[in-house]
Amino acid sequence: MNIKELPSDERPVEKLLRYGSGSLSNSELLAVLLGSGIGGTSAIGLAEKVLASAGGLAGLWDIAAEDLMDLQGVGPKKAATIMCAMELGKRASSPGGKKRRKISTPGELADFFMEDMRHLKKEYFKVLLLNVRLEVMGLETVSVGDIAGAPVHPRETFEPAIRKGAAAVCFAHNHPSGDPEPSDDDIKVTRRLMECGDILGIRVLDHIIIGDGTFRSLKQEGFMNRA
């Protein structure tokens with residue numbers, strides 16, 4: 001399907017502007033960079049082919065321009081755009097690229113997420129990756145659900161932390177109703193993720209629920225206390 005034929009809230013650019021870049025899949029992010037597809041293949045379809053050829057997103061870090069241009073639909077301009085985006089990512093994540101933000105309290109954690117998540121109409125579950133000094137390494141959207149909830153699986157939740165070598169994580173999800181009161185499922189999922197973190201050697205520091213201008217910290221509320 002051509003991107004123009006998709007509902008407006010499923011088109012990558014519109015989706016990014018409405019929900020933030022974290023709501024886009026890897027192929028959708030790459031499709032925005034590519035701008036267009038070729039001969040019946042949409043930009044998303046072309047992006048999927050590029051990712052498959054590179055062996056996934058990580059494979060784009062060191063891919064050569066010639067390898068990109070071997071793919072039908074990827075000319076010099078598209079190849080250069082991809083390589084420039086990856087180089088900017090490398091520079092931004094390098095020690096001298098930026099001063100990393102440190103998260104020390106539930107309030108600071110809530111401030112990190114509040115404005116991006118308080119008005120979302122669907123439930124998003126995100127993981128914040130931290131190094132040993134509790135400085136932010138990155139942010140990943142684990143799942144997107146509907147107004148009733150977002151599915152959370154330990155494998156997908158911890159995959160970004162394992163891939164990027166995070167020492168600790170914080171979880172956040174929003175309640176589209178605006179009420180951040182944790183449900184029984186929220187508490188059960190958090191405790192299951194804590195157990196998985198223990199096995200993996202990745203500390204689970206907190207899980208906050210974002211409402212409309214307010215939040216609840218499961219750590220602060222005592223739901224993450226160990227027996």
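Which residue stands opposite Ile 208 in E4? In this predicted model, the residue opposite Ile 208 is Ala 172. The two belong to a parallel pairing, in which strand E3 (residues 168-174) and E4 are joined over seven bridges.

Strand E4 (residues 203-210) is largely enclosed by the rest of the structure, because six of its eight residues are buried. E4 also pairs with strand E5 (residues 215-217), in this case antiparallel and through three bridges. Within that pairing, Phe 215 in E5 is the bridge partner of Ile 210. The hairpin of E4 and E5 has four residues between the strands, and Gly 213 in this hairpin takes a positive phi near 85°.

The largest nonpolar core comprises 20 residues, of which Phe 158, Val 169, Phe 171, Leu 193 and Val 204 touch the most other members. Two or more residues of this core come from each of strand E1 (124-130), helix H7 (154-164), E3, H8 and E4. The most are given by H8, which supplies five. In soluble globular proteins, nonpolar side chains tend to be buried together.

Leaving aside residues up to four places away in sequence, Phe 171 touches Phe 125, Lys 126, Val 127, Thr 157, Phe 158, Leu 193, Val 204, Asp 206, His 207 and Ile 208. Among these contacts is Ile 208, the residue of E4 that stands opposite Ala 172. Phe 158, Leu 193 and Val 204, also touched by Phe 171, are listed with Phe 171 among the core residues that touch the most other members.

Methods:
Residues numbered from 1 in each chain as written. Predicted model: local features only at pLDDT ≥ 70, side-chain atom pairs only at ≥ 80, totals over all residues. Heavy atoms only, no water. Buried < 20%, exposed > 50% of the residue type's maximum accessible area, 1.4 Å probe, protein only. Pairing = 2+ DSSP bridges. Core = buried A, V, L, I, M, F, W, Y, C linked by side-chain atoms within 4.5 Å. Contact = heavy atoms within 4.5 Å.
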